Amino acid sequence: DPTLTTTMKSVGEAMAIGRNFTEALRKALRSIERKEAPFSWAGDRSDIDVAALLEEVRVPHDGRLRKVQQAMWAGASAVQLHEATAIDPWFLDQIALLNEVGDAVVAAPELTPELLRLAKRHGFSDRQIAKAKCTHEDDVRAERKQKGIIPTYRLVDTCAAEFEAYT
C-alpha cells in the first residue's frame, strides 16, 4: 500500500543542499533517481484533469509532490491544493514559483544568460532545461559554458558553527 501513514515505510529519502528552498527541492527530487520524481513542464496542460489530481493528492503517497506540481501547473490554485492536502501555503507558493520558472524556460525563444542563471538558481539541471526546450543536454551545457555560467562548489559547515570546520 503506497499510502503514507505513521507506519514506517521505505519510500526513499533524499538530502539536498541549496541556497534556497527551490534549489534544494529540485536537487532532492533528482537524487531519488526515479524518472517520474522530478517536476516536469512537458506536454499539453489542457489534457490534465485537475479535479482528478486534486482528488489523488488528498492521500499522501510517494509521488504526491509531483502530482501537486502538475495540478498547480494545470491551473489548480494554492488554496485548492491546501484544502486537498493540508500542505502549508508557503511550500505551495514555492512550487508555484518553480512552475513560473519552468514556464519561462519553455516560452523563451532563446536561453539568455539571465534565464539560465534564474533556472540554475532554482535547481534546474541542464537535462531538465534541455527537456523543456526540446533540445539536447549537451547543447544546453555548451551554451551555458559559453555564456560563462559554470557550477561552483562551496564549503558546507557540517558542524553548524559549533566549532571550526575544515571539511
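R117 sits in helix 6, residues 113-121; helices (H or I, at least four residues) and strands (E, at least two) are DSSP runs, numbered from the N terminus. This is a predicted model, in which local features need pLDDT of at least 70, side-chain atom pairs count only at pLDDT 80 or more, and totals for chains, interfaces and linings use all residues. Residues are numbered from 1 along each chain as its sequence is written, and side-chain values use heavy atoms, with hydrogens and water left out.

R117 has 37% relative accessibility and therefore counts as partly exposed, the class between buried (under 20% relative accessible area) and exposed (over 50%), with a 1.4 Å probe and protein chains only. Together with R19, R121 and R154, R117 forms a positive surface patch. Patch residues have over 30% relative accessible area and no salt bridge, and like charges are joined within 9 Å. A salt bridge is a side-chain nitrogen of Lys or Arg within 4 Å of a carboxyl oxygen of Asp or Glu.

The protein contains 8 helices and 0 strands, in the order α-α-α-α-α-α-α-α along the sequence. Its C-alpha atoms fill a box of roughly 50 × 45 × 25 Å along the principal axes. Among contacts (heavy atoms within 4.5 Å) between residues at least 6 apart in sequence, 58% join residues at least 24 apart.

| Property of the protein | Value |
|---|---|
| Buried share of the 167 residues | 33% |

Accessible areas come from the Shrake-Rupley method with a 1.4 Å probe.

Note on methods: Patches are made of residues with over 30% relative accessible area and no salt bridge: like charges are joined within 9 Å, nonpolar side chains (Val, Leu, Ile, Met, Phe, Trp, Tyr) within 5 Å. Lys and Arg count as positive and Asp and Glu as negative; His and the chain ends are not counted. The place of a charge is taken as NZ of Lys, CZ of Arg, CG of Asp or CD of Glu.
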